[in-house]
Amino acid sequence: MGRLQGKVALITGGSRGIGAGIVRKLAQEGASVAFTYVNATEKANSLQNELSAQGGNILSINADSSQTQEVEYAIQLVVKKFGRIDILVNNAGLYFGGKIDSPDMDMVSIARMWLVNVAGIAHTVRNIIPYMLPGSRIISIGSGAAARTPFAGVGDYAATKAALAAYTRSWARDLAEKGITVNLIQPGLIETDLKPNDESLIAEMLQPVALKRFGTPVEIGNVVAFLASDEASYVTGATINVDGGWSA
């Protein structure tokens with residue numbers, strides 16, 4: 001029996017990459033898992049079918065975290081199917097970059113990134129709290145870029161993740177009296193479809209990483225599963241770097 005047997009989890013942006021790793025891990029730990037996606041319909045269906053075939057209780061939901069009505073719809077759908085929500089994992093996020101003095105900065109994309117990475121998460125948290133009982137968990141996926149920025153052109157993205165870190169500390173205080181813990185995971189370089197193919201670029205990226213490799217989505221899922229479990233009952237307001245020593 002898994003550590004999360006009988007629990008209900010909602011993961012935003014769960015169809016691929018880090019999100020899919022989290023979905024798989026929480027399902028393996030016995031949780032009923034719902035996850036949202038936007039465009040990756042084929043991957044979402046494949047993941048749901050894969051885990052359902054293994055005996056998992058899985059629900060995929062097409063919902064955009066930047067759209068308040070779609071967020072509210074997703075929460076209601078999960079509550080209708082499973083009765084409550086014990087674990088929220090805020091994983092949905094976007095990356096858009098460019099130097100502050102770039103004349104061709106895509107400000108529309110930057111604005112959408114703030115909607116998804118910051119405002120959308122805050123809206124999700126506010127709307128999910130009424131369905132959470134004492135002992136529930138809120139876990140957000142940030143980025144090591146919030147604390148360390150070794151490359152030019154990532155300022156806007158890094159700022160969204162720094163805002164999420166500030167929210168995490170504040171929400172931990174706000175929700176302590178309800179018995180809800182709030183924590184943040186800051187991944188480093190992770191094996192996803194965003195990993196470059198250029199070996200020289202990869203070598204350069206790995207220079208500051210103590211373990212000299214990319215992490216895996218399942219390794220992020222392992223830390224999420226710990227924070228979601230009873231073993232982490234005294235952990236709240238924490239930022240945990242899962243980056244192979246990149247921040248050391």
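**Strands and helices**

Guide: This is a predicted model. Within it, Ile138 stands opposite Val182 in strand 6.

Visitor: How many bridges join strand 5 to strand 6?

Guide: Strand 5 covers residues 137–141 and strand 6 covers residues 181–187. The two run parallel. The number of bridges joining them is five.

Visitor: What is the order of the strands in the open sheet?

Guide: The sheet is open, has seven strands and shows parallel pairing. Its edge strands, each pairing on one side only, are strand 3 (58–62) and strand 7 (239–242). The order is 3-2-1-4-5-6-7.

Visitor: Which strands does helix 5 touch?

Guide: Helix 5, residues 155–175, packs on the sheet. Its direction makes about 160° with that of strand 6. The strands touched by helix 5 are strand 5 and strand 6.

Visitor: What angle does the direction of helix 7 make with that of strand 5?

Guide: Helix 7 (residues 217–228) also packs on the sheet. It touches strand 4 (87–90), strand 5, strand 6 and strand 7. The angle with strand 5 is about 155°.

Visitor: Are helix 1 and helix 7 oblique or parallel to each other?

Guide: Helix 1 (residues 17–28) and helix 7 pack with their axes 7 Å apart, at an angle of about 50°. Angles under 35 degrees count as roughly parallel, and 65 to 115 as roughly perpendicular. The two helices are therefore oblique.

Technical notes
Residues are numbered from 1 along each chain as its sequence is written. This is a predicted model: local features need pLDDT of at least 70, side-chain atom pairs count only at pLDDT 80 or more; totals for chains, interfaces and linings use all residues. Side-chain values use heavy atoms; hydrogens and water are left out. Two strands pair if DSSP finds at least two bridges between them. Helices (H or I, at least four residues) and strands (E, at least two) are DSSP runs, numbered from the N terminus. Contact means heavy atoms within 4.5 Å. Axes are lines fitted to C-alpha atoms, for helices over the stretch in contact, and angles run from 0 to 180 degrees between N-to-C directions. Angles under 35 degrees count as roughly parallel, over 145 as roughly antiparallel, 65 to 115 as roughly perpendicular and the rest as oblique.
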